[in-house]
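Subject: Handover of a structure for your review

Dear colleague,

Please find below the structure that I am handing over to you. I would be grateful if you would read the notes after it alongside the coordinates.

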Amino acid sequence: MTPAAPGPFRAAPAPLAGAFRAEWTKLWTLRSTAALPFVAAAATVAVSAFVCAAADPRTVACADGCDPARLALSGVYCGQAAFALLGVLVTTGEYRTGLITYTLAAVPWRPAAFGAKAAALLAAVLPAALVAVGGAVTLGRPLLAHHGFAATGGRGIGGALLHLVLVALLGLGVAALLRGTTAALTAVLALLYLPPVAALLLSDARWAAWAPSPTGRGPAVLATVTTAALLLGATRFARGDPS
Amino acid sequence: MDIEVNGLRKRYGRTIAVDDLTCTVRAGRVTGLVGPNGAGKSTTLRMFLGLTRPDAGTVHIGGTPYASLAHPLHTVGALLDGAAAHPGRRARDHLRWLAHAGRIPRHRVDEVLERVGLTAVARRRAGTFSLGMAQRLGIAAALLGDAPVLLLDEPVNGLDPEGVRWIRTLLRGLAAEGRTVLVSSHLMSELADTADHLLVLGRGRLLADTGVRELIAAAGTRTLEEAYFALTAEAVEFR
Amino acid sequence: MIAAEWLKLRTLPGALWCLFVMAGALVGLALAVSSGAPAAPSYVDEFRFVHRPLAGDGTLTARLLTQEATHPWAMAGVMVKAGPVAGAPYAALFATPGHGTRLQSGFRTDVAGPSARWLRLTRAGATVTAAVSRDGGSWLPVGSAPVPEGPLAVGLFVTSPGATRGVPVRPAMLRTRPSTATFDTVTLTEPAPGGAVGGPPGAGWRATDVGARRPSTVDDVAVDGMVAVTGSGDILGRADDGSRVAVATTGTILAMLPAVVLGTLVLSAEYRGGTALATFAACPRRGRVLAAKALVAGSTVFGTAAVACLAALLLAQPLLRGRGFTAPAYAAPPLDALRMVLGTAAVLALLALMGLGLATALRRGAAAIGLLAAALYVPVVLTPLLPAAVARWWQRSGPLAGLAVQRVRETDDGFLLPWPRTPWLGLAILCAWAAAALVAGYATLRRRDA
């Protein structure tokens with residue numbers, strides 16, 4: 001007796017596409033991860049609008065050349081927490097429940113499994129970041145113009161987009177490395193919030209320039225940190241036992 | 001499609017989980033993998049799927065290591081760690097993502113849900129399931145790919161007597177279709193009426209690779225359970 | 001039950017990590033701040049200067065009409081300076097909203113003068129003499145100060161201090177806005193070779209933002225009739241001023257994150273490990289379980305933070321003395337130091353309770369951590385971008401208000417830093433936040449299944 005004949009479904013899409021669709025389905029079938037892109041975009045837009053509504057060109061910060069583009073995008077500092085949480089939950093949810101064994105049984109080539117996860121996260125985060133940054137700028141500009149700020153043009157938008165996407169990927173990388181939700185989230189939030197706060201604390205502008213932020217050197221710093229975290233996370237994901 | 005295991009070995013620190021395991025699991029029959037708690041059953045099954053990296057040895061499924069299978073979910077259906085579904089995800093969605101990952105057509109999801117009797121609760125979140133329902137969801141996941149090889153780790157856990165009878169029938173039916181069915185359990189009584197062949201593990205070692213009838217005959221006892229206890233008497237101590 | 005909760009906390013590796021990181025942040029940052037090299041320039045020299053060259057001797061007179069009270073130490077007055085460059089020697093006579101009329105020079109000398117609207121600086125060789133008058137007729141001498149020989153810049157200046165007047169190791173949480181002052185009757189008298197005296201200020205005035213990151217100069221400023229000058233910045237020699245005590249608590253804002261995480265861990269570890277069922281079975285009265293958890297988590301954080309702060313205080317003082325900090329300009333009674341150490345510990349403990357309450361209410365530790373981290377850190381990061389009133393409002397009413405308990409000086413801090421008027425009021429506000437979070441958690445716990 002021959003084993004059950006392989007069904008009529010051999011002619012299926014390429015393996016990576018299947019893995020991607022699996023991760024995409026996983027992301028949107030959990031209430032927490034499905035809601036987070038919307039929460040993140042809403043938080044970014046809301047805080048940006050608040051800052052722009054309250055902005056005053058007479059503050060000292062604005063007197064010595066504060067950038068109105070920074071005001072319009074200030075909500076990124078709030079929204080990034082939700083983006084980080086999304087990146088973390090997408091990964092740690094699997095380790096918490098043991099689901100990871102099924103993921104790896106379905107896609108035994110682990111770089112593909114990890115890449116599919118990152119790609120699905122990217123696909124979910126990119127539109128959310130676009131909405132967040134686009135909404136913040138659209139809402140912020142008239143408010144700033146009303147307060148008498150100069151037009152900002154498109155400055156800072158690319159940096160903010162990159163920042164939000166990188167933050168989510170940082171969450172993914174750190175979560176793959178640490179595997180625990182609390183540990184990974186704490187580490188990512190510490191990386192995002194403590195350097196700018198510590199820079200204020202030491203009141204030294206040289207340090208502030210190196211903090212991960214959506215402006216100036218920030219995205220480059222964050223890209224370096226994220227790459228390192230993704231490499232370390234991918235290594236542990238590919239080599240370590242899943243539980 | 002046979003499973004050939006050759007010199008499989010795994011140790012965690014000073015504990016040897018699996019020690020030089022060599023055997024062949026044949027198609028067309030239900031093979032029981034039995035042993036006391038901590039005998040290395042789960043580790044063995046995880047190594048079959050490449051989830052745990054063996055220190056030495058190989059596992060070939062139909063002549064290919066699991067990681068090299070072109071269509072893993074169409075080749076091997078597995079139940080590990082129970083259903084391991086995220087408590088917040090609906091049962092149907094759990095199977096849907098698996099189907100995507102294994103490139104399995106969507107209608108299979110409803111078919112297996114029907115087969116394990118979860119159609120009515122398919123839209124409930126896995127966190128609300130009882131142990132037995134979660135176990136059925138795990139079995140549904142194993143059946144999803146219509147695979148010629150089935151690896152089931154403790155499938156009877158949490159099932160009610162009616163469920164136990166159902167799974168017995170299911171496993172025998174699957175084997176009769178010519179599939180390779182490997183079922184692990186720490187209770188010999190669960191396997192007595194189901195398995196044709198037995199692999200008995202104790203302290204990571206293969207204590208017996210034999211047919212059910214041969215085991216009873218060799219031990220000189222009347223029941224399978226007594227034969228099993230005689231065999232594993234030295235292997236129950238925890239390390 | 002408390003013993004059981006204590007055992008659970010002690011055997012939770014994550015909790016031990018949190019305590020370790022929290023103590024490390026408190027001690028480590030205090031040491032980092034107090035052991036660094038002394039700040040390179042020992043002064044702040046940043047202001048708006050409307051000036052013209054003064055080749056030799058001369059007298060500048062001006063009447064100060066109005067001054068915006070942006071800060072008790074905001075300055076508006078007349079100055080002679082070796083050039084419109086930060087750090088150049090100077091002598092300045094100015095009025096302040098909070099400290100009367102002062103004559104300052106060399107970043108060190110500070111002489112108080114009688115309160116008056118007319119200000120006059122007279123340069124004769126290497127000396128500048130200052131005088132004030134209430135009516136522009138009779139002049140009262142204030143003092144004199146040395147200036148370099150040769151050509152100088154002379155003119156009107158305005159400052160409005162920001163973080164410079166806070167405790168140096170504190171985050172610059174709030175910036176004040178620029179101050180505008182108006183002058184009139186500005187006269188510059190130079191004894192010309194022909195012996196001419198008096199007259200209108202004439203042409204050749206320029207306005208410079210001295211010490212600004214991007215210095216800008218406006219040429220040909222009209223100085224006749226009424227002159228409005230708007231400026232920000234400060235002129236100040238850095239001195240020891242209370243940071244010696246404050247330095248022990250520098251790390252508080254970083255230690256907040258591990259404190260919050262510990263609070264959430266106490267709860268979420270139960271749900272994750274499935275211990276919750278056992279816990280609620282062993283003690284069906286859930287309010288008591290939450291209270292026991294709060295007590296254990298709060299007291300553990302309080303004890304650890306108090307020890308870490310005390311250690312930071314004791315370790316930092318000799319380091320600061322070694323860096324040349326002399327005896328403090330004000331007396332810090334040991335009682336104040338004690339309030340800072342114990343108050344800081346209380347702030348961290350209350351934040352842990354907030355974490356516990358919020359995690360219970362949301363039944364998700366991760367969401368509680370994300371929400372609280374955003375609530376604590378986003379206002380701090382955004383403050384420099386916000387107008388003072390908005391930033392002050394949030395920081396005085398949000399959980400950050402608890403930091404008021406660290407206040408060391410009763411002088412200008414209360415004006416500048418976004419804190420409630422008294423240290424204890426800030427702590428009370430934080431208490432209210434923690435209580436609200438715990439009540440919300442209790443409500444959820446009662447309503448829902450384990």
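Confidence

Please bear in mind throughout that this is a predicted model. Chain A has a mean pLDDT of 81, with 83% of its residues reaching 70 or more. Within chain A, helix α8 (residues 157–178) has the highest confidence, at a mean of 92, whereas helix α3 (residues 60–63) has the lowest, at 48. Residues 1–13 of chain A stay under 50 in pLDDT, and the model gives them 19 contacts beyond four places in sequence.

For chain B the average pLDDT is 85, and 97% of the residues score at least 70.

Chain C has a mean pLDDT of 79, and 80% of its residues reach 70 or more. Where pLDDT is low, the predicted coordinates should not be read in detail.

The interface of chains A and B

On chain B, 47 residues are in contact with 38 residues of chain A. The two chains bury about 3,500 Å² between them, and carbon and sulfur atoms give 60% of that area. Of the area that chain B buries against chain A, 19% is supplied by Leu51(B), Trp97(B) and Arg103(B), more than by any other three residues.

As to specific pairings, there are zero salt bridges between chain B and chain A, but eight residue pairs are in polar contact across the interface, with both residues at pLDDT 80 or more. The elements of chain B that each supply at least two residues to the touching side are β1 (3–12), α2 (72–75), β5 (76–79), α3 (91–102) and α5 (131–143). The largest share, seven residues, comes from α3(B). By class, this side of chain B has 22 nonpolar, 12 polar and 13 charged residues.

Salt bridges

Over all chains, the structure holds 19 salt bridges. One case in chain A joins the side chains of Lys26(A) and Glu94(A), at 2.5 Å from N to O. Lys26(A) belongs to helix α1 (residues 15–28) and Glu94(A) to helix α5 (residues 76–97), so the pair ties together parts of chain A that are 68 residues apart in sequence.

Annotated segments

For chain A, an unreviewed UniProt entry lists residues 34–55, 118–137, 157–178, 185–208 and 220–238 under "transmembrane region". In the model, residues 118–137 of chain A are 100% helix, with end C-alpha atoms 27 Å apart. Residues 157–178 of chain A are likewise 100% helix, and their end C-alpha atoms are 32 Å apart.

For chain C, the UniProt annotation "transmembrane region", again from an unreviewed entry, covers residues 245–269, 290–317, 337–359, 366–390 and 424–445. Residues 290–317 of chain C are 100% helix and span 40 Å between end C-alpha atoms. For residues 424–445 of chain C, also 100% helix, the corresponding distance is 31 Å.

Yours sincerely

Terms used: Residues numbered from 1 in each chain as written. Chains lettered and ligands numbered in written order. Heavy atoms only, no water. UniProt positions renumbered as here; feature names shortened; annotations may be inferred. Helix = DSSP H or I, 4+ residues; strand = E, 2+ residues; numbered from the N terminus. Contact = heavy atoms within 4.5 Å. Buried area = accessible area lost by both parts, 1.4 Å probe. Salt bridge = Lys/Arg side-chain N within 4 Å of Asp/Glu carboxyl O. Polar contact = N/O pair within 3.5 Å; in protein donor to acceptor, adjacent residues only side chain to side chain. Nonpolar A, V, L, I, M, F, W, Y, C, P; charged D, E, K, R; others polar. pLDDT = per-residue confidence, 0-100.
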